[in-house]
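The sequence and the structure are shown first.

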Amino acid sequence: MPQYAAVLGHQPHISIAELAAVVPGFTLESIEQTVVALFSADEELDDDCIDRLGGTVLLARRITEADVSMSDIPQLLVNECGKVRKKVTFSLRCYDVPSKLIKTAYIKGKEAFKSAGKPCRYVGNEKKHAAVALLHDSDVISGKKGVELFIVQTASQLWVGRTIGAQDIDRYTWRDMDKPVRDTTVGLLPPKLAQVMLNFGAWMVESERDNKKRKKHIVYTVLDPFCGTGVIPLECLLQGWHVLASDVSQKAVNGTKKNLDWVRKEMKILKKDVSDDVSKHDALKPFKLKSLPDMVVTETTLGPALTKKPTKTDVKKYLKDSEALEAAFLHNAAASLPGVPIVCMWPFWRLGGDVIRHEKIWSVAKELGYRAVLPAGAPVEDPEKLSLLYQRKDQFVGREIVLLLP
Ligand SMILES: C[S@@+](CC[C@H](N)C(=O)[O-])C[C@H]1O[C@@H](n2cnc3c(N)ncnc32)[C@H](O)[C@@H]1O
């Protein structure tokens, strides 16, 4: 079984849940230094897998299960670069390895390439990992011009792999910051989180179809009925998925349209290949769609934008309003989108040490025939309320991600 290491994003529990949704036969072996997940899969992951994972920063494939030590690294570097014809670039990304040993491995690695008759240079050092952009630019991740070895000292072994993918930060920044319409008053969903939600949606669709192995590049149709300025629809188009988007606000609808037109032009995504339909619609009123979408993926309203810490009375009111809206939306979805799985987000608030979350909506969902689910292997905080909490330190409002299977 192929084994991998994933460097997790800043919400590691969500990154692991996403891996559990995407990776066929995902089995978590261990978590190292809170940021690296070592896991095995039933099959090899695609080269472009990293581009679809919002919660994984970097991915490495294990190259040896032998009992190796840091003194074997120079030879492993040379072995991994057998096909590189010209000057080799190499790098070492180490976790829990003493810096003295890393420094020696860099020096001995250089010597080993010299003995093998290959000119080389290295990027990164014992104090700092090589910048991901540099690894992309120097064709190290693709393996064409070099290698980065990914090394983790676990309690029992030295785990050695090669880096096979790393998130392209510039591309995320581009689609987040360069799109023509950004509305900071409704809260901006990070594109990576939108990707995670879409992956959960695909997992739900496939688990319903009883497809243990999610086929590669299936094209889904997604409905986002609270689309705002369209982060989720935009991610759909980038994945080649059809999208139906709506919002009660005309300003939001116009914003989504502009953003989708922009991404189509930038990425040459043609309507004949990937469709979108953006309209004004109140998500609490029946959806009248020509055909049902495969899934709903949406960030429902998070309440008013907060610039200062809310009081307990404020939060009680926000919660009451939100519970009412979520319940009305679920009633509507159950009636007019029968059988469609829903990935949604409910706001929650942290006040002092307390977490104030939705309570009543759970029984509403149950009565309407929805079951909250998470992929096997996802970290579960409360078995009574299967969900994942997403919150950044600088925000007063968090997002509770809930996967509802009809
Ligand atoms: C948190 S924002 C969504 C932001 C969005 N994910 C984005 O990428 O910009 C929630 C959106 O829900 C919309 N909304 C609120 N109540 C609604 C309703 N009853 N029906 C449809 N949209 C609604 C708001 O206009 C707002 O644009």
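Gln33 is found in the loop between β2 and β3, the latter spanning residues 36-40. The model is a predicted one, and in it the phi angle of Gln33 is near 55 degrees, a positive value in a residue other than glycine. Gln33 counts as exposed, because it has 11 C-beta neighbours inside 10 Å, and the cut-off for that class is 12 or fewer.

A positive phi also occurs at Asp96, where the angle is about 65 degrees although the residue is not a glycine. Asp96 is placed in the loop that runs between β5 (88-95) and α4 (99-115). With 14 C-beta neighbours inside 10 Å, Asp96 counts as partly exposed, since this class lies between the limits of 12 or fewer for exposed residues and 20 or more for buried ones.

Val23 is a further loop residue, situated between α1 (12-22) and β2 (27-32). Is Val23 buried or exposed, given its C-beta neighbours inside 10 Å? Val23 has 25 such neighbours and therefore counts as buried. When residues up to four places away in sequence are left out, Val23 touches Phe39, Ala41 and Leu45. Between Val23 and Phe226 there are 29 Å in space, C-alpha to C-alpha, and the two are 203 residues apart in sequence.

| Residue | C-beta neighbours inside 10 Å | Class |
|---|---|---|
| Val23 | 25 | buried |
| Gln33 | 11 | exposed |
| Asp96 | 14 | partly exposed |

Two helix pairs can be described in turn. Helix α1 packs with helix α7 (residues 191-208) at an angle of about 35 degrees, and their axes are 9 Å apart. The crossing in which α1 passes α7 is left-handed. On the α1 side the contact is made by Ile14, Glu18, Ala21 and Val22, and on the α7 side by Val196, Asn199, Phe200 and Trp203. By class, the residues of this contact of α1 with α7 divide into 6 nonpolar, 1 polar and 1 charged.

The other pair consists of helix α8 (residues 231-239) and helix α9 (residues 250-267), which pack at an angle of about 25 degrees with their axes 9 Å apart. That angle makes α8 roughly parallel to α9, because angles under 35 degrees count as roughly parallel. Here α8 passes α9 in a right-handed crossing. Pro233, Leu234, Leu237 and Leu238 of α8 make the contact with Thr256, Asn259, Leu260, Val263, Arg264 and Met267 of α9. The contact of α8 with α9 comprises 7 nonpolar, 2 polar and 1 charged residues.

At the level of the whole molecule, the protein chain has 11 helices and 17 strands. Its C-alpha atoms fill a box of roughly 70 × 50 × 45 Å, taken along the principal axes. What radius of gyration does the protein chain have, and what would a compact globule with 406 residues have? The protein chain has 23 Å, which agrees with the value near 22 Å that a compact globule of that number of residues would have. Buried residues make up 41% of the 406 residues in the protein chain. Among contacts between residues at least 6 apart in sequence, 73% join residues that are at least 24 apart.

How values were computed
Residues are numbered from 1 along each chain as its sequence is written. This is a predicted model: local features need pLDDT of at least 70, side-chain atom pairs count only at pLDDT 80 or more; totals for chains, interfaces and linings use all residues. Axes are lines fitted to C-alpha atoms, for helices over the stretch in contact, and angles run from 0 to 180 degrees between N-to-C directions. Helices (H or I, at least four residues) and strands (E, at least two) are DSSP runs, numbered from the N terminus. Angles under 35 degrees count as roughly parallel, over 145 as roughly antiparallel, 65 to 115 as roughly perpendicular and the rest as oblique. A crossing is left-handed if the near helix is turned anticlockwise from the far one by less than a right angle, and right-handed if clockwise. Two residues are in contact if their C-beta atoms, placed from the backbone, lie within 7 Å. Ala, Val, Leu, Ile, Met, Phe, Trp, Tyr, Cys and Pro count as nonpolar, Asp, Glu, Lys and Arg as charged, and the others, Gly among them, as polar. The radius of gyration is taken over C-alpha atoms; the globule rule is 2.2 Å times the number of residues to the power 0.38.
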